[in-house]
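Student: I am new to this structure. Can you show me how to read its features, step by step?

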Amino acid sequence: MNIVKSEEQYEQLLQEEKVIFLFTADWCPDCRVIEPVLPEIEEKFADYQFYSVDRDDFIDICIKNDIFGIPSFVAYNKGQEVDRFVSKKRKSQEEIEAFLTDLF
């Protein structure tokens, strides 16, 4: 998964097509649980662009986007938020794939 390295990069990526941001953190146990399945998910949804946003490195982006829990998935297309997958429960591969299906 690509990693967002700056706020400027994040702002540029928002304008692209079919972008999925995964908001995460190194200390998040639920984030670590889904980590092994992410390459397979990225392969299944190869027409999407996936980017990881570290909550601790980019807290201002998280605040601006109302990201209060992680892991969170937020989909954008040409500057518009399409949908988000945020829940208190641990996310399974099946739930993530169901969210990604037919987004765009």
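Tutor: Start with one side chain in this predicted model. K18 has 25% relative accessibility, so K18 counts as partly exposed. Partly exposed runs between the buried limit, under 20%, and the exposed limit, over 50%.

Student: Which residue does K18 form a salt bridge with?

Tutor: The partner is D47, with the closest N and O atoms 3.4 Å apart. K18 sits in the loop between helix 1 (7-14) and strand 2, and D47 in the loop between helix 3 (38-44) and strand 3, so the pair ties together parts that are 29 residues apart in sequence. D47 is partly exposed, at 49% relative accessible area.

Student: How many salt bridges are there by this rule?

Tutor: The count comes to 9. Among them, E81 and R84 meet at 2.8 Å, N to O. E81 is partly exposed at 36%, and R84 is partly exposed at 26%. Another pair is D56 with R55, at 2.7 Å between the closest N and O atoms. Salt bridges also link E40, K44 and E97 in a network.

Student: Now the empty space. What shows where it is left?

Tutor: Rolling a probe the size of a water molecule over the atoms does that. Here, the largest pocket holds about 220 Å³ of space. Its lining has 15 residues, and T24, D26, R32, E35 and S52 are the closest to the centre. Strand 2 (19-24), helix 2 (29-34) and strand 3 (49-54) each give two or more residues to that lining.

Student: How many lining residues of the largest pocket are nonpolar, polar and charged?

Tutor: The lining has 8 nonpolar, 2 polar and 5 charged residues.

Terms used:
Residues are numbered from 1 along each chain as its sequence is written. This is a predicted model: local features need pLDDT of at least 70, side-chain atom pairs count only at pLDDT 80 or more; totals for chains, interfaces and linings use all residues. Side-chain values use heavy atoms; hydrogens and water are left out. On a 1 Å grid over the protein atoms alone, a cavity is a set of points where a 1.4 Å probe fits but cannot get out, and a pocket is an open set with protein on both sides within 12 Å along at least five of seven lines; lining residues have an atom within 4 Å of a point. Grid points are joined across faces, edges and corners, and a volume is the space filled by probe spheres set on the points. Helices (H or I, at least four residues) and strands (E, at least two) are DSSP runs, numbered from the N terminus. Ala, Val, Leu, Ile, Met, Phe, Trp, Tyr, Cys and Pro count as nonpolar, Asp, Glu, Lys and Arg as charged, and the others, Gly among them, as polar. A salt bridge is a side-chain nitrogen of Lys or Arg within 4 Å of a carboxyl oxygen of Asp or Glu. Buried means under 20% relative accessible area, exposed over 50%, partly exposed in between (1.4 Å probe, protein chains only).
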